[in-house]
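This briefing describes one protein chain for a reader who has its sequence and structure at hand. Please keep both in view while reading the points that follow.

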Amino acid sequence: MRIIRGKYGRRRFEVPRNITARPTTDFARENLFNVLENIEDFEGKSALDLFAGTGAISWEFVSRGCSIVTAVEQAPAQSAFIRSVKEKLGDTALRLVKGDVFRYIERCTTRYDIIFADPPYDHERFGEIPELILNSAMVGEDTLVIVEHNKNHDFSSLPGFMRHLVYGSVNFSLFRVGQKSE
């Protein structure tokens, strides 16, 4: 795993072979963050990474100035890897929650400035996830929500939809509650 930019830019971490997550490609991550940096100032913001996997997105948020980043990941191997990177970097901005994302969405009352979700593409509840997030207590008036998905999903009819980005086989849908669609 490589952190692309920011204070930890160019740092690399060897991902264990027992990790079953499908990490967002460096190409897609770099292009997504190029777009996000033009619409969002990360400095001092809070971010949430749902289905965090290797934590690559979480660490991009930390590296680029978010003051608090919560990574939610249930799988033991992925959680252990995120924890090991946190220990190596010694950064306290990242908070790891080892648990079920759906329970977290349902119970969390913390509002975040940015929410990123990268569920497994074959998850049986995949299609529900953007709406669950958008209707949760975690979303405030100006929260930016990013959902990674494949080409088989179209979330453009959901409230707050801003834009759809495609980088190879990776798709992102961006939402901002209380904002008009672009």
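**Strands, helices and cores**

Val-69 has Leu-94, in E3, as its bridge partner. The model is a predicted one.

- Strands E2 and E3 are parallel partners, joined over 4 bridges.
- On the path between these strands lies a helix: E2, H3 and E3 make up a β-α-β unit that is right-handed.
- E2 is also paired with strand E1 (residues 46–50), again in the parallel sense, over 5 bridges.
- Within that pairing, Ser-46 has Ile-68 of E2 opposite it.
- From E1 the chain passes through H2 to reach E2, and this β-α-β crossover is right-handed.
- How many residues of E2 are buried? The count is 4 of the 5, so E2 is largely enclosed by the rest of the structure.

**Helix H3**

- Buried positions in H3 are Ala-77, Gln-78, Ser-79, Phe-81, Ile-82, Val-85 and Leu-89.
- An α-helix has 3.6 residues a turn, so residues three or four places apart point the same way.
- Which elements do the buried residues of H3 pack against? They pack against H2 and strand E3 (94–97).
- Directly after H3 comes Gly-90, whose phi is positive, at about 65°.

**Glu-60 in helix H2**

- Glu-60 belongs to helix H2.
- Is Glu-60 buried or exposed? Its relative accessibility is 0%, and therefore Glu-60 counts as buried.
- The side chain of Glu-60 makes a polar contact of 3.0 Å with the side chain of Arg-29.
- Beyond its neighbours within four places in sequence, Glu-60 is in contact with Arg-2, Ile-3, Ile-4, Arg-5, Arg-29 and Phe-33.

**Nonpolar cores**

- In soluble globular proteins, nonpolar side chains tend to be buried together.
- In this model the largest nonpolar core contains 38 residues, and Met-1, Leu-36, Trp-59, Phe-61, Ile-146 and Phe-172 have the most contacts inside it.
- At least two residues of this core come from each of several elements, including helix H1 (26–39), helix H2 (56–63), helix H3 (76–89), strand E2 (68–72) and strand E7 (170–176).
- Another core, of 25 residues, lies apart from this one, and among its members are Ile-105, Cys-108, Phe-155 and Phe-175.
- Not counting residues up to four places away in sequence, Met-1 touches Arg-11, Arg-12, Phe-13, Val-15, Thr-54, Gly-55, Ala-56, Trp-59, Phe-81 and Val-85.

- With 7 of its 7 residues buried, E7 is largely enclosed by the rest of the structure.
- Val-170, Phe-172, Leu-174 and Arg-176 point one way from E7, whereas Asn-171, Ser-173 and Phe-175 point the other way, and all are buried.
- E5 and E7 run antiparallel and are joined by 6 bridges. The bridge partner of His-149 is Asn-171 in E7.
- E6 and E7 are likewise paired in the antiparallel sense, over 6 bridges. Here Phe-161 stands opposite Phe-175 of E7.
- E6 and E7 form a hairpin with 2 residues between them, and Gly-168 in the turn has a positive phi of about 65°.
- Because its relative accessibility is 63%, Gly-168 counts as exposed.
- The C-alpha atoms of Gly-168 and Asn-150 are separated by 9.9 Å, although these residues are 18 residues apart along the chain.

**Positive phi in residues other than glycine**

- Arg-10, which is not a glycine, has a positive phi of about 75°. It lies in the segment before H1.
- Arg-10 has a relative accessibility of 74% and therefore counts as exposed.
- Phe-51 also is a residue other than glycine with a positive phi, near 60°. It is placed in the loop between E1 and H2.
- Phe-51 has a relative accessibility of 14% and therefore counts as buried.

Conventions:
Residues are numbered from 1 along each chain as its sequence is written. This is a predicted model: local features need pLDDT of at least 70, side-chain atom pairs count only at pLDDT 80 or more; totals for chains, interfaces and linings use all residues. Side-chain values use heavy atoms; hydrogens and water are left out. A nonpolar core is a set of buried Ala, Val, Leu, Ile, Met, Phe, Trp, Tyr and Cys residues joined through side-chain atoms within 4.5 Å. Buried means under 20% relative accessible area, exposed over 50%, partly exposed in between (1.4 Å probe, protein chains only). Contact means heavy atoms within 4.5 Å. A polar contact is a pair of N or O atoms within 3.5 Å; within protein, one must be able to donate a hydrogen and the other to accept it, and residues adjacent in sequence count only if both atoms are side-chain atoms. Two strands pair if DSSP finds at least two bridges between them. A crossover is right-handed if, with the strands pointing away from the viewer, the path from the first strand over the helix to the second runs clockwise.
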